Amino acid sequence: MSTALPAPERSRRIPVAFALITAATLALTACGSGDAADTTGGAAPAGRSGTIPTTDVVSPVEKDAAAARLLPADVRARGTLRVAASVGGTPPGAFYREDGRTVVGQDIDFADAVAKVLGLRLKREAASFEAILPALGSGKYDLGTGNFGVTDERRRTIDFVTYINDGQGFAVREDSGLKKITHLEQLCGLNVATGAGTTFEVTLEDNKHVCEEAGKEPYSVKTYAEPGAVWPALRQGRADVVMSTINGLRYAVHQQEGLRFLGEYRRLDVGFAFKKGTKLAPAFRAAVNRLIEDGTYDRILKKWGTRGSAIEASRISPPEIKD
């Protein structure tokens with residue numbers, strides 16, 4: 001299933017950086033079947049050509065009456081939810097097809113599948129990643145999607161319903177001397193590119209002191225509103241390292257020549273985001289668990305090559321995963 005965004009949105013949200021990853025290199029799995037075996041826990045390597053997976057894993061999903069009964073009465077009567085989606089960053093989360101208007105990706109499939117379980121229609125609007133969480137509190141949207149990591153800081157103002165476990169990692173050019181990042185002190189003196197308003201930015205800013213304490217030159221954090229814009233910065237030498245999602249990094253290094261994944265730094269639960277105190281959370285948790293039980297959940301992960309992000313059961317705003 002794919003989604004065409006309203007014209008005012010799709011006309012302004014095609015990231016410049018994303019155009020650098022051509023249609024030929026947008027492949028995730030071989031031949032677009034989405035059925036390539038994933039034994040790495042990340043994106044299944046398919047070379048650097050192919051097509052975007054098109055397997056329809058959402059249409060067969062049926063409404064679950066028990067889960068739908070958990071919805072607030074006004075939502076059941078309305079039958080729709082307003083969704084703010086961060087689109088146009090790094091696949092496999094949510095990105096545009098070559099036409100620049102059709103949205104696909106793992107986040108899209110999960111949101112659409114949950115909506116089918118609950119018997120709802122989604123009114124999806126593209127929004128910048130850093131703008132979504134503040135907008136939830138204002139009531140502009142009912143929920144947000146964008147690979148939002150569940151942190152204790154965010155839980156103070158946002159409720160989450162988890163659906164995958166992803167996290168933080170690093171990537172570099174092939175010519176980098178870095179082999180693996182186990183401590184942020186290894187970044188001292190380097191330019192680090194990441195998405196604006198992300199957990200990566202927070203992690204980097206909160207830990208700049210490690211370089212000073214070690215008597216080393218501090219690292220510089222370069223943030224980009226479009227997550228996909230980090231890759232030109234890395235390839236063109238304006239950044240030495242990219243910090244992003246584990247799944248997104250695995251995807252990118254498989255699809256672009258000259259890049260290397262440095263492995264996982266830390267894991268985080270990822271969830272649908274809601275304003276604090278939402279009454280939608282129990283229904284969404286039940287819907288995700290229903291997808292896990294009937295096998296749709298695994299089919300979505302298999303399609304996007306992300307089985308390593310599977311969770312056993314959905315939870316509402318669990319504590320942040322600590323190392």
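**Reading helix packing and a sheet**

Me: At what angle do helix H5 and helix H13 pack, and how far apart are their axes?

Reply: In this predicted model, helix H5 (residues 106–118) and helix H13 (residues 296–304) pack at an angle of about 165 degrees, and their axes lie 10 Å apart. Angles over 145 degrees count as roughly antiparallel, and H5 and H13 are therefore roughly antiparallel to each other. The crossing of H5 past H13 is right-handed.

Me: Which residues make the contact?

Reply: From H5 come Gln-106, Asp-109, Phe-110 and Ala-113, while H13 brings Tyr-297, Ile-300, Leu-301, Lys-303 and Trp-304. Sorted by kind, the contact of H5 with H13 has 6 nonpolar, 1 polar and 2 charged residues.

Me: Thanks! Now the sheet: in what order do the strands run?

Reply: The general idea comes first. Strands of a sheet pair through backbone hydrogen bonds, in either a parallel or an antiparallel way. Here, 8 strands form an open sheet with mixed pairing, in the order E5-E2-E6-E11-E7-E10-E8-E9. Strand E5 (121–126) and strand E9 (220–224) are the edge strands, each pairing on one side only.

Me: How do strands E7 and E10 pair?

Reply: Strand E7 (residues 158–173) and strand E10 (residues 241–245) are antiparallel, joined over 4 bridges. To find the place, look for Gln-168, which stands opposite Thr-245 in E10.

Me: Which strands does helix H11 touch?

Reply: Helix H11 (residues 246–255) packs on the sheet against E7, E10 and strand E11 (259–275), and its direction makes about 135 degrees with that of E11. Helix H12 (residues 281–294) also packs on the sheet, touching strand E2 (80–85), strand E6 (143–149), E7 and E11.

Terms used
Residues numbered from 1 in each chain as written. Predicted model: local features only at pLDDT ≥ 70, side-chain atom pairs only at ≥ 80, totals over all residues. Heavy atoms only, no water. Pairing = 2+ DSSP bridges. Helix = DSSP H or I, 4+ residues; strand = E, 2+ residues; numbered from the N terminus. Contact = heavy atoms within 4.5 Å. Axes fitted to C-alpha atoms, helices over the stretch in contact; angles between N-to-C directions. Parallel < 35°, antiparallel > 145°, perpendicular 65-115°, else oblique. Left-handed = near helix turned anticlockwise from the far one by under 90°. Nonpolar A, V, L, I, M, F, W, Y, C, P; charged D, E, K, R; others polar.
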